[in-house]
Amino acid sequence: MPDARVIPIKGKEPKKKKPATKKSAPRSGARASRSSAAPAVEPQDEATPLPGTEEHVDWDTRVAGALAFLRRRITGEYQVDDFGFDPELTDRILLAPLRPLYKKWFRIETRGLENIPDTGGALLVANHSGTVAVDSMMTQLAIWDHHPAHRHLRMLGADFVFQLPLVGELARKGGHTLACAPDAERLLSSGELVGVWPEGFKGIGKPFSERYKLQRFGRGGFVAAALRTKTPIIPCSIVGAEEIYPIIGNAKLMARLVGAPYFPITPTFPWLGPLGMVPLPSKWIIEFGEPIRTDEFPEGAADDPMLVFDLTDQVRETIQQTLYRLLVARRSVFF
Amino acid sequence: MGQVVLVTGVSRYLGGRMAQILTQDPGVDRVIGVDVVAPRQEIGGAEFVRADIRNPIIAKVIEAAQVDTVVHMGVIATPMQAGGRMSMKEINVIGTMQLLAACQKSPTVRKLVVKSTSSVYGAGPRDPAMFTEEMEPKHAPTSGWAKDSVEVEAYVRGFARRRPDVGVTTLRFANFFGPRVQTPMSTYFSLPVIPVVLGFDARLQFIHEDDGLDALRRATVEDHPGTFNVAGDGVILVSQAARRVGRPVFPIASPFAFAVGATFRRLGLADFSPEQVRFLTYGRGIDTTRMRTEFGFVPQHTTPETFDAFVEAHNLNRLLPAERVENIEDQLLSLLTGKGGAGA
């Protein structure tokens with residue numbers, strides 16, 4: 001009599017309401033909870049496993065979790081936030097294929113995760129490289145999987161991203177939004193961890209010969225956003241992403257034809273076709289630096305361009321120096 | 001002495017209900033409903049005057065009845081309702097101009113409430129996630145209802161400048177939705193197969209019809225001058241909404257979406273204006289902080305609740321209702337794990 005047994009889980013009340021449990025929902029979704037917010041169910045789940053049957057229970061809860069996830073997908077009974085962020089989909093579908101790449105292919109090592117606060121708004125600023133934005137996705141995964149508070153990194157993307165079909169859709173569902181002051185401030189002031197790659201296409205599409213040389217840091221808009229919301233800036237240095245697709249040329253005509261900011265030519269792409277899209281297995285290090293506080297500046301500091309420029313330079317210099325230090329210490333590109 | 005309220009656009013659903021609601025308000029003495037055609041539904045104790053707001057007769061109506069509050073709901077959203085785009089634009093833009101001209105001349109008018117739309121913000125890839133009232137559109141609407149509404153708002157601002165003694169409230173509503181109201185959106189989600197734009201999943205916001213009318217009523221009987229976004233909490237994605245009605249989607253590549261939209265329009269299946277297609281591609285969000293803090297209004301229904309109310313009222317999800325999916329889930333679960341429920 002399956003129906004009789006599942007009654008406590010199937011409570012109609014929590015299903016309809018489902019408060020915005022942004023952080024807990026995807027994690028508890030791995031359990032057998034029926035709805036993403038069924039706190040009453042959790043203790044029951046944990047109480048049931050008898051000693052010695054853990055493996056069996058684990059399999060059962062996994063199946064139940066996967067089925068509950070499928071049901072919510074079919075009935076549309078899930079929550080997205082104002083930006084279109086779908087936490088459950090991000091955890092179960094979007095980030096899942098990146099995990100083997102993270103662990104086995106790039107063997108990513110993180111340092112200084114403790115510099116990211118457990119709660120509250122913070123702005124993570126990182127160097128951008130690697131032809132396609134693999135570095136930003138890996139940083140998101142690093143913080144979601146390995147930070148003790150399992151925070152989602154909400155990244156700010158170029159408008160080009162949101163013009164593209166599918167890419168734009170997945171970016172929104174993954175929690176990212178357009179890099180503009182209103183969105184950055186909205187996320188920061190609602191206590192989210194925001195990621196920004198201020199070099200943009202200049203950083204990601206630079207030739208291999210200029211690897212690890214930071215490009216211009218936009219117009220410092222990210223600093224102004226942090227100042228206005230009084231949130232700390234966390235400099236983040238990523239080593240290894242430069243070598244995954246070394247750009248040896250840029251087919252500008254081709255780029256113009258497809259409307260892209262650049263068209264990369266690497267030793268393997270486009271010569272080997274789809275095989276050329278396999279990234280080189282470089283060894284990565286992601287180091288999160290000490291937060292730079294912005295709450296000590298006076299009111300209206302964001303409107304002082306000189307201060308904004310200085311702070312932008314300070315962040316840029318910190319990342320550049322960290323990159324040099326990490327590069328000197330690195331044994332080789334691949335190990 | 002109570003208010004004398006003139007409501008335009010009463011022959012349509014929302015205008016008619018608005019007139020009805022206002023007649024029941026203790027602060028309102030008299031409600032005069034104006035439209036070119038007679039209302040199809042009961043408008044309660046409101047008096048109906050058949051008048052075209054496109055000609056100066058409207059000034060006589062205002063003068064004769066000593067109207068002190070004007071609720072402008074006469075901007076129509078689809079050419080289907082007006083019998084062609086030409087007459088729709090006439091009614092929307094010229095009608096508003098005539099109405100405002102009459103209001104400007106009238107010594108009795110003290111308050112103007114305008115039902116506008118969030119589509120004045122346009123829709124595009126460079127939009128911020130949420131529009132506040134001060135933001136300028138990044139992709140200004142170029143056609144249809146949205147463009148008419150931009151022009152209507154411009155004339156209303158001009159009127160507010162010339163008559164600073166009149167309190168002007170402009171409410172920019174998210175799409176009206178709910179059990180009864182009929183909009184291009186409700187037609188869209190009632191299609192047996194829902195065409196969507198390939199690779200895009202727009203964020204939609206809805207305002208429940210009861211909430212929207214309540215906001216209009218409060219703007220009419222209370223004093224809240226200013227421009228306010230009005231929408232239910234939260235957003236719902238097109239794909240998510242399609243799943244909630246239990247309908248399959250049919251993705252169309254965006255270069256063809258406009259052509260398909262035009263075909264649907266010609267066949268009279270659904271009203272897909274180019275604006276509507278852009279909205280269904282990029283979506284839009286409006287920030288309702290000012291609605292809560294200054295206007296002091298909290299909608300009773302969130303966006304997903306509003307959508308569910310629509311699905312329930314029309315009994316749309318017959319293919320895959322949630323209970324059936326739950327049953328299938330239970331059966332699969334017992335099959336796979338060899339027992340009844342999850343951990344219970």
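Colleague: Why does Glu294(B) count as exposed?

Modeller: Its relative accessibility is 54%, and exposed means over 50% relative accessible area, buried under 20% and partly exposed in between (1.4 Å probe, protein chains only). Glu294(B) therefore counts as exposed. This is a predicted model, in which local features need pLDDT of at least 70, side-chain atom pairs count only at pLDDT 80 or more, and totals for chains, interfaces and linings use all residues; side-chain values use heavy atoms, with hydrogens and water left out. Residues are numbered from 1 along each chain as its sequence is written, while chains are lettered from A and ligands numbered from 1 in the order in which they are written.

Colleague: What makes Arg290(B) and Glu294(B) a salt bridge?

Modeller: A salt bridge needs a side-chain nitrogen of Lys or Arg within 4 Å of a carboxyl oxygen of Asp or Glu. The N to O distance for this pair is 4.0 Å, so the pair qualifies.

Colleague: How do you know that Asp81(A) and Arg154(A) meet in a salt bridge?

Modeller: Their N to O distance is 2.9 Å, which is within the limit, so the label applies.

Colleague: Why are Asp81(A) and Arg154(A) called buried?

Modeller: Asp81(A) has a relative accessible area of 13% and Arg154(A) is at 0% relative accessibility. Both values are under the limit for buried, so both residues take that label.
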